[in-house]
Amino acid sequence: MSPGGAQAVVRVFYRDYASGISISSTKPESLLSDRLAPLAERLWASPDNFLGVVDRHDVILQSYVDDEPGMIVFELVYPEQTGALQLTVTRDEALRRLQDLPERFDDSLLPGARHVD
């Protein structure tokens, strides 16, 4: 999420029910982008947890464990719009997507996603 080869920083919020740790979406924490996938793996270990990444325009990419084993749900939420774009992918695909996030999130981040209210 940053040009020139410098280590990118992402803004995240999440809820880890097992450890009782949560970071609010209204006050996301900064995290080096190479720490994003390990955080996701830890959070996705429990079906109640979630992880959100916020781009600099406040578009949110939220993820959580699907009811189907081995699957992760991504939701792309735009500020001040109703509903979200939703796409379910394998855990491996979800981790790959988190490793190469663009600086600005848009519909191309989740090709084939459907709109949900």
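User: Is Tyr17 buried, partly exposed or exposed, and what is its relative accessible area?
Analyst: This is a predicted model, and in it Tyr17 lies in the loop between strand 1 and strand 2. A residue counts as buried under 20% relative accessible area and as exposed over 50%. Tyr17 falls in between, so it is partly exposed, with a relative accessible area of 45%.

User: Which residues does Tyr17 touch, not counting residues up to four places away in sequence?
Analyst: Contact requires heavy atoms within 4.5 Å. With residues up to four places away in sequence not counted, Tyr17 touches Asp48 and Asn49.
In space, Tyr17 and Tyr78 are 26 Å apart, C-alpha to C-alpha, and 61 residues apart in sequence. The names asked for are therefore Asp48 and Asn49, given the contact limit of 4.5 Å.

User: What pattern does the protein chain follow when read along the sequence?
Analyst: The protein chain has two helices and eight strands. Helix 1 covers residues 36-43, and strand 3 (29-32) and strand 4 (50-54) are among the elements against which its buried residues pack. Read along the sequence, the pattern is β-β-β-α-β-β-β-β-α-β.

User: What radius of gyration does the protein chain have, and what would a compact globule have?
Analyst: The C-alpha trace spans about 40 × 30 × 25 Å along its principal axes. Buried residues make up 40% of the 117 residues. A compact globule with 117 residues would have a radius of gyration near 13 Å, and the protein chain agrees with this, at 13 Å.

User: Why are the buried residues of helix 1 on the same side?
Analyst: In helix 1, the buried residues are Leu36, Ala37, Leu39, Ala40 and Leu43. They lie on the same side of helix 1 because they cover an arc of only 160° around the axis. In an α-helix there are 3.6 residues a turn, so residues three or four places apart point the same way. The value behind the answer is the arc around the axis of helix 1, only 160°.

User: Which residues are exposed on the other side of helix 2?
Analyst: Ala94, Leu95, Arg97 and Leu98 are buried in helix 2. Their arc around the axis is only 160°, which puts them on the same side of helix 2. Their cover includes helix 1, strand 4, strand 5 (60-65), strand 6 (71-77) and strand 7 (84-90). On the other side of helix 2, the exposed residues are Asp92 and Gln99.

User: With which residues is Ile21 in contact, leaving aside its neighbours within four places in sequence?
Analyst: Ile21 is found in strand 2 (residues 21-23). Its relative accessible area of 37% makes Ile21 partly exposed. Leaving aside neighbours within four places in sequence, Ile21 is in contact with Tyr14, Arg15 and Asp16.

User: Is Glu80 buried or exposed, and at what relative accessibility?
Analyst: Glu80 has its place in the loop between strand 6 and strand 7. Glu80 is not a glycine, although its phi is positive, at about 60°. The cut-off for exposed is over 50%, so Glu80 counts as exposed at a relative accessibility of 86%.

User: What phi does Asp58 have?
Analyst: Asp58 is found in the loop between strand 4 and strand 5. Asp58 counts as partly exposed, at 44% relative accessibility. Although Asp58 is not a glycine, its phi is positive, at about 65°.

Notes: Residues are numbered from 1 along each chain as its sequence is written. This is a predicted model: local features need pLDDT of at least 70, side-chain atom pairs count only at pLDDT 80 or more; totals for chains, interfaces and linings use all residues. Side-chain values use heavy atoms; hydrogens and water are left out. Helices (H or I, at least four residues) and strands (E, at least two) are DSSP runs, numbered from the N terminus. The radius of gyration is taken over C-alpha atoms; the globule rule is 2.2 Å times the number of residues to the power 0.38. Buried means under 20% relative accessible area, exposed over 50%, partly exposed in between (1.4 Å probe, protein chains only). The arc is that of the directions from the helix axis to the C-beta atoms.
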